[in-house]
Amino acid sequence: MKSRIEKVAVLGAGVMGSGIAAHMANAGVPCLMMDIVPNDLSEEDKKAGLTKEDKRFRNKFALKGLENIQKSKPSLIYDKSFMKLIEVGNFEDDLKRLAECDWVIEVVVERLDIKQQLFAKVEKVVKPGTIVSSNTSGLPIKGMVEGRSADFRKNFLVTHFFNPVRYMHLLEIVPGKETDPKTVKDIADFGTFRLGKGIVYGKDTPNFVANRIGVFSMMATIHAALEMGYRFDEVDAITGPALGRPKSASFGTADLVGLDTFVHVVNTLKEGCPDDEGQWAFKIPEVLETLVKKGALGRKAKAGFFKVVKKDMGKKEILVLDPKSGEYVPQEKPDIASIKGAKKIHDPGARIKSVVFSDDRGGVFSWRIIRDTLVYSANRMGEIADTIVDIDAGIKWGFNWELGPFEIWDALGVKETVAKMEKEGLKVPAWVKEMLKAGCPSFYRDGAHTTEYYDLGKKAYLPIPKPETFLILKDIKKARKPVFENPGASVVDLGDGIACIEFHSATQPAMNPIDDQIIEVMLKGIEIAERDFRGLVVHHQALQFCAGANIAMLLEASKAKRWDDIANLVRSFQAMTTGLRRCKIPTVTAPFGFTFGGGAEITMGGDRICANSELYMGLIEVGVGLVPAGGGHLFLLERVLEGVHAPILSNLPFIQKAFENIAMAKVSTSAEEARKLKYLRPWDKVEISREKQLYTAKQMAIAMAEEGYQPPLPKTYALPGRDGIATVKMLLHNMKYTHWVTGHDVKIATHVATILCGGDTTLNNPVSEQTILDLEREAFVSLCGEEKTQERIAFMLEKGKPLRN
């Protein structure tokens, strides 16, 4: 069905406005970004010869927003080519062009009078039925639409994006009392399927859903730290990944947001919620007031709760504020057993529980702040949102917590914690105790077909709502047991004759490095799929697709000099990746997030790729002194030489692209950049919605099967051989001579050149796919014996980093 929204206007080109415009372009939506006309010519404008009539002057702020998109790091745009979808203008000359747009998003300064004046002008020029929304973080809808017509009001709502827009999954939708439900649905569908956002429905209350809970939690943490005498760096060690939160934790997150911005949001809550029982938390502590007055506003000022200082030789050190003295002091690494132990626990619920119920400083502090947050969240039910699902999703997608408040409560045990809270004098909301009394022991439960949540209105468990196109492997496995599985992976029947190979590493479920268990299921899955299905998808729904191979296992074999074992492992790896390509049925790989090394080789092995737009893909083995050996060279050669037909004098310029990707460990910053790097081909699909990715990949496999799939025939490649290798060696010699690379780097790069050039051959003697695979294997085993390679692998393992250069 045709979307109601085909073109969007963004009014305001600041940080949020430009971020929204960039993401519209990411989604392929034409966007008009406008801002005000500057009051006067600056000295710089005069030097440039600009006049007040010059478009460059009149569009100055919008053009600055465009420039900020282009310069942003990390990039707000998937690829610079998408910039052409963004036009710029100003409110005085171009407001009439809003008649071209179907959705107008206001992102100007947070002043009600200014927004009212702008909406009065907007109403005069938009066409009937145009959706108009505000990105306000807390101003009331009633005030913003005051004086506007009934038609304007029914098509008006709040659409609250989070910054940075590209990377933050959350989009809060807040309708007014007169908003047409169809308008809400149209925006929710557009946000979900076109923009790839997670939708949370909020109510017209200050700071809506995520910020209401998240800001309370941060302020409760600050007050607890000051009251209980905890250092700020100690608090951040406790409230980071150990509690299922980002590494920036609490004080680091405040610095990241900007302390002036943070204080403004807190004051909005304090003033807008005078009857809130959490008013105690919204009192700005003296230490925070002092920092803002001094201009120590966090990272943007290089000083806040933490301060960056330069030491000798340009090295940087991060100091932490001592609230007692007001001075910055060196950080200390706290010796807290529960926090150390939490690092070994992958399941977030079990990890949080292990910390909260410990009796050390980590446990005492974490229980204090979590108990307050849980009770506060429960008290907001019905006020800020109608379901616990919206509150949990808001805090997960808006603040990057692994679990939302009610999910945490379930993990800790609702009955046990309610008793503990009441013993400590906290007033637990009546509805929570009524839920327990009614025989409902948790906020969520595993239903017969899907996860269910406790609905406060119906006082019963209901399935979590989701579109039909959101396929959840956990739910599918409830309906049909896996066809084959081991602790590391499964073969799942998706229905309609399509199988799916799912990774779920027993040791590293977030990263899913390839080990013997995944290889076993991949090989067996291809065999089963060929026999019993008409198509195969490779996908799973963990945090990252695949961070490479299990290098710990490889290091052990290398130190023991088990070269035959390593060679056989490589053969199995190659059989797995090339098996996808040689399979008698169509294969679709569906990667997302980290797709490094062997993960990239699996991805390229499929007939087609259905990549999530946030794809960080690359062959990065050189980072640990190795080369790709699972078909990476072969798959890149296939891609860079597509469309290159003999006779030609040399195809080395085309092969150079593959050499640079591998030797420089190039990693894409989006799926579209992966296409430019040749990891994805022109006909591969980019799906912006992570939740819809499995459905899209399944449909691609079905379509290929119904078209009458035939596996590709084996290929041979005319490669430059000895001449090409000699050319690369000469370049490497010069680079070593000028100290750009080390001797070990030269050794690795020479192996890469030898493989890509086909080894001991010439352009007139084409080499087979198997020859390239053999060259990969020989190089890989050889490098495993290098002492420097083993040192690099050991270093990576010690640092706990994924296989990345």
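The sulfur of Cys101 lies 7.7 Å from the closest cysteine sulfur, that of Cys31, which is too far for a bond. A disulfide here is a pair of cysteine sulfur atoms within 2.5 Å, and a search of the whole structure finds zero disulfides. Cys610 is likewise in no disulfide, the nearest cysteine sulfur, that of Cys500, being 12 Å away.

This is a predicted model, in which local features need pLDDT of at least 70 and side-chain atom pairs count only at pLDDT 80 or more, while totals for chains, interfaces and linings use all residues. Residues are numbered from 1 along each chain as its sequence is written, and side-chain values use heavy atoms, with hydrogens and water left out.

Accessibility is classed as buried (under 20% relative accessible area), exposed (over 50%) or partly exposed (in between), with a 1.4 Å probe and protein chains only.

| Residue | Relative accessible area | Class |
|---|---|---|
| Cys101 | 0% | buried |
| Cys610 | 0% | buried |
| Asp45 | 7% | buried |

Asp45 sits in helix H2, which covers residues 43–47. Beyond its neighbours within four places in sequence, Asp45 is in contact with Asp40, Leu50, Phe57 and Lys60; contact means heavy atoms within 4.5 Å. Ser505 is 460 residues from Asp45 in sequence, and the C-alpha to C-alpha distance between the two is 58 Å.

For the protein as a whole, there are 33 helices and 25 strands. These are DSSP runs numbered from the N terminus, helices being H or I with at least four residues and strands E with at least two. Of the contacts with a separation of 6 or more, 70% join residues 24 or more positions apart.

The radius of gyration is 28 Å, which agrees with the value near 28 Å for a compact globule of 805 residues. That radius is taken over C-alpha atoms, and the globule rule is 2.2 Å times the number of residues to the power 0.38. Along the principal axes, the C-alpha atoms fill a box of roughly 80 × 70 × 65 Å. Buried residues make up 56% of the 805 residues.

The protein exposes about 35,300 Å², of which carbon and sulfur atoms supply 54%; accessible areas come from the Shrake-Rupley method with a 1.4 Å probe. The mean positions of the 109 positive and 104 negative charges are 2 Å apart. Lys and Arg count as positive and Asp and Glu as negative, with His and the chain ends not counted. Each charge is placed at NZ of Lys, CZ of Arg, CG of Asp or CD of Glu.
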